Amino acid sequence: MPYHEVKKKHRLLSILRLLASDHDYSMNDSVLAEALSSLGFGVPRGTLNKDLVDLEDMELVTIKKVTDRLTVATITPDGVEVSEGIKTVPGVKRPSPKIGA
């Protein structure tokens, strides 16, 4: 598998985990971009928004265009299950098992 595909699978899982960890399961793309950068997945905003559209197509998030420069993503119940490894979806990295949990 090409390296860029490996990175994208990991990045999509990271987006789902970030959304699942938020108190209202939502973040705007600006906050997501900064959070992803802190995890080693710094990407242009256009790439992030494409990732969000891909996740929406997989029915793992919903996206709402708030302004022409701001998008809010909300994780779906299926997205939470994927972030926890309960459900698998092609194109998204399956999380590693939790050790000692």
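**Close-up views of a predicted model**

**View 1. Surroundings of Leu16 in the predicted model.**

**View 2. The largest nonpolar core.** This core has 22 residues. Those with the most contacts inside it are Ile15, Leu16, Leu19, Leu32, Leu55 and Val92. Two or more residues come from each of helix 1 (3-21), helix 2, helix 3 and strand 3 (70-75). Helix 1 gives the most, with 6 residues. In soluble globular proteins, nonpolar side chains tend to be buried together.

**View 3. Ile15 in helix 1.** Ile15 has a relative accessible area of 0%. The cut-off for buried is under 20%, so Ile15 counts as buried. Its contacts, leaving aside neighbours within four places in sequence, are Leu32, Leu36, Leu48, Asp51, Leu52 and Leu55. Ser26 lies 11 residues from Ile15 along the chain. The C-alpha atoms of Ile15 and Ser26 are separated by 11 Å.

**View 4. Packing of helix 2 against helix 3.** Helix 2 spans residues 29-38, and helix 3 spans residues 45-57. Their axes are 10 Å apart, at an angle of about 105 degrees. Helix 2 is therefore roughly perpendicular to helix 3.

**View 5. Residues where helix 2 meets helix 3.** Helix 2 contributes Asp29, Ser30, Leu32, Ala33 and Leu36. Helix 3 contributes Arg45, Leu48, Asn49 and Leu52. The residues of this contact divide into 5 nonpolar, 2 polar and 2 charged.

Notes:
Residues are numbered from 1 along each chain as its sequence is written. This is a predicted model: local features need pLDDT of at least 70, side-chain atom pairs count only at pLDDT 80 or more; totals for chains, interfaces and linings use all residues. Side-chain values use heavy atoms; hydrogens and water are left out. Axes are lines fitted to C-alpha atoms, for helices over the stretch in contact, and angles run from 0 to 180 degrees between N-to-C directions. Helices (H or I, at least four residues) and strands (E, at least two) are DSSP runs, numbered from the N terminus. Angles under 35 degrees count as roughly parallel, over 145 as roughly antiparallel, 65 to 115 as roughly perpendicular and the rest as oblique. Contact means heavy atoms within 4.5 Å. Ala, Val, Leu, Ile, Met, Phe, Trp, Tyr, Cys and Pro count as nonpolar, Asp, Glu, Lys and Arg as charged, and the others, Gly among them, as polar. A nonpolar core is a set of buried Ala, Val, Leu, Ile, Met, Phe, Trp, Tyr and Cys residues joined through side-chain atoms within 4.5 Å. Buried means under 20% relative accessible area, exposed over 50%, partly exposed in between (1.4 Å probe, protein chains only).
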